[in-house]
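Welcome! Please take a moment with the sequence and the 3D view below, and then we can walk through the fold together.

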Amino acid sequence: MAVTEFKHIPVLLEETIQALDIKPNGTYVDCTLGGGGHSYEIAKRLEEGGRLIGIDRDEEAIEASTERLKEFSDRVTIIKDTYEHLFVLLRRLRVERVDGILLDLGVSSHQIDDPERGFSYLEKDSPLDMRMDREDTLSAYDVVNTYSKQELARIIREYGEDRFANNIAKRIVEEREKEPIKTTGELADIVSSAIPMKVQKTGGNPAMRTFQAIRIELNRELTQLEKSLDSMIDILNDKGVLAVITFHSLEDRIVKEKFRKNENPCTCPPSFPVCVCGNKSKGKALKKPIVASEEELRLNSRARSAKLRSFTRMVAK
């Protein structure tokens with residue numbers, strides 16, 4: 001696929017760049033590189049001594065961002081991997097600390113719009129894929145056709161926050177016993193059949209939550225996020241910033257809670273007059289998330305659910 005076909009509109013672009021407060025000679029990491037939209041704006045603000053490291057697990061994103069950022073090749077390093085391995089990747093590059101880290105979570109517009117990727121519940125004949133890294137052996141087909149009814153119900157309930165999770169899991173198992181479920185359209189129809197019609201009239205597309213749940217499970221999205229945030233804060237320089245853009249409540253809840261614990265890690269009972277646990281604050285979180293402006297929403301409806309949270313590292317003197 002030609003790199004020019006990779007289309008993605010960076011969400012909350014100006015707000016993110018402002019939050020990162022780019023230093024011309026600083027070192028920055030875009031952990032979810034995508035098409036390079038955010039990274040382009042970071043790279044063009046860097047001067048001699050500045051460095052940008054871009055990471056993504058999608059080969060098509062790597063190709064597209066490499067093309068987009070080629071004018072900054074003297075200051076940009078692009079790596080195909082997951083941000084879960086950030087600490088190891090930086091050590092290989094002999095980078096100990098950075099001035100800013102960006103996480104733009106969720107699925108890119110390109111991934112959703114490409115029928116072959118199987119992310120969209122609106123596509124009828126797309127293969128059940130949903131892999132962010134197409135070199136992974138497990139796909140959505142495997143989740144749908146091999147997970148037990150209990151496992152399917154759990155992920156749809158936890159990751160899709162769907163109150164009809166048990167009904168949906170039961171219907172999936174019933175249908176796959178007749179023949180394997182192969183396409184996004186087949187799965188969407190099965191999910192729809194498990195949800196009461198009166199709910200469908202007011203609750204949006206009935207397949208949306210199930211598709212989200214399978215995608216999150218397959219790509220380990222929440223697991224990676226929860227495992228990575230603390231260490232990302234730890235490798236920030238003084239006044240370095242971790243900026244995270246989330247697109248649903250599960251992601252946002254994890255980020256909010258991790259930021260809160262890093263800002264106020266004290267475990268002493270409220271009745272104690274002074275802290276004795278020894279846990280020190282690592283910095284300060286932005287109190288309220290930033291959301292898209294009305295102008296941005298007019299240009300990009302997919303920004304509607306986006307929230308930007310940031311954490312500024314403050315190293316104790």
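## Around the largest pocket

Keep in mind that this is a predicted model. Let us begin with the largest pocket and the pieces of the chain around it. Strand 2 (51–56), helix 5 (109–113), helix 11 (208–219), helix 12 (221–234) and helix 13 (249–263) each give at least two residues to the lining of this pocket. Which helix supplies the largest share of the lining of the largest pocket? That is helix 11, with five residues.

The largest pocket has a volume of about 1200 Å³. There are 50 residues lining the largest pocket, and those closest to its centre are Gly-106, Val-107, Ile-112, Arg-215 and Phe-247. Sorted by class, the lining of the largest pocket has 21 nonpolar, 17 polar and 12 charged residues.

## The second largest pocket

Next comes the second largest pocket, with a volume of about 300 Å³. Among the residues that line it are Ile-9, Pro-10, Glu-14, Ser-293 and Asn-300. Helix 1 (13–20) and helix 14 (294–299) each contribute at least two residues to the lining of the second largest pocket.

What classes of residue make up the lining of the second largest pocket? The lining of the second largest pocket divides into five nonpolar, two polar and four charged residues.

Now try searching for aromatic side chains. How many aromatic pairs does the structure hold? There are three aromatic pairs. In one of them, the rings of Tyr-40 and Phe-72 have their centres 5.2 Å apart and their planes at 65°; planes over 60 degrees apart count as edge-to-face, so the pair of Tyr-40 and Phe-72 is edge-to-face. This pair links distant parts of the chain, with Tyr-40 in helix 2 (residues 37–43) and Phe-72 in the loop between helix 3 (59–68) and strand 3 (76–80), 32 residues apart. Tyr-40 is partly exposed, with a relative accessibility of 22%, while Phe-72 is buried at 6%.

Phe-259 belongs to helix 13 and Phe-311 to strand 8 (residues 307–313), so the pair ties together parts that are 52 residues apart in sequence. Are these two residues buried or exposed? Both Phe-259 and Phe-311 are buried.

## A loop with exposed residues

Follow the chain to the loop between helix 13 and strand 6 (283–285), where you will find Pro-270. Pro-270 is exposed, at 86% relative accessibility. The C-alpha atoms of Pro-270 and Gly-34 are separated by 44 Å, and these residues are 236 residues apart along the chain.

Val-276 is in the loop between helix 13 and strand 6 as well. With a relative accessibility of 58%, Val-276 counts as exposed. The C-alpha atoms of Val-276 and Cys-266, 10 residues apart along the chain, are separated by 8.5 Å.

## Positive phi angles

To finish, here are two backbone angles to look up. Met-130 has a phi near 70°, a positive value in a residue other than glycine. You can find Met-130 in the loop between helix 5 and helix 6 (140–146), and Met-130 is buried at 0% relative accessibility.

Glu-161 has a positive phi too, near 50°, and is likewise a residue other than glycine. Glu-161 is in the loop between helix 7 (149–159) and helix 8 (165–178). With a relative accessible area of 33%, Glu-161 is partly exposed.

Technical notes:
Residues numbered from 1 in each chain as written. Predicted model: local features only at pLDDT ≥ 70, side-chain atom pairs only at ≥ 80, totals over all residues. Heavy atoms only, no water. 1 Å grid on protein atoms, 1.4 Å probe; cavity = no way out; pocket = protein on both sides within 12 Å on 5 of 7 lines; lining within 4 Å. Points joined across faces, edges and corners; volume = space filled by probe spheres on them. Helix = DSSP H or I, 4+ residues; strand = E, 2+ residues; numbered from the N terminus. Nonpolar A, V, L, I, M, F, W, Y, C, P; charged D, E, K, R; others polar. Phe/Tyr/Trp six-rings, centres within 6.5 Å; stacked < 30°, edge-to-face > 60°. Buried < 20%, exposed > 50% of the residue type's maximum accessible area, 1.4 Å probe, protein only.
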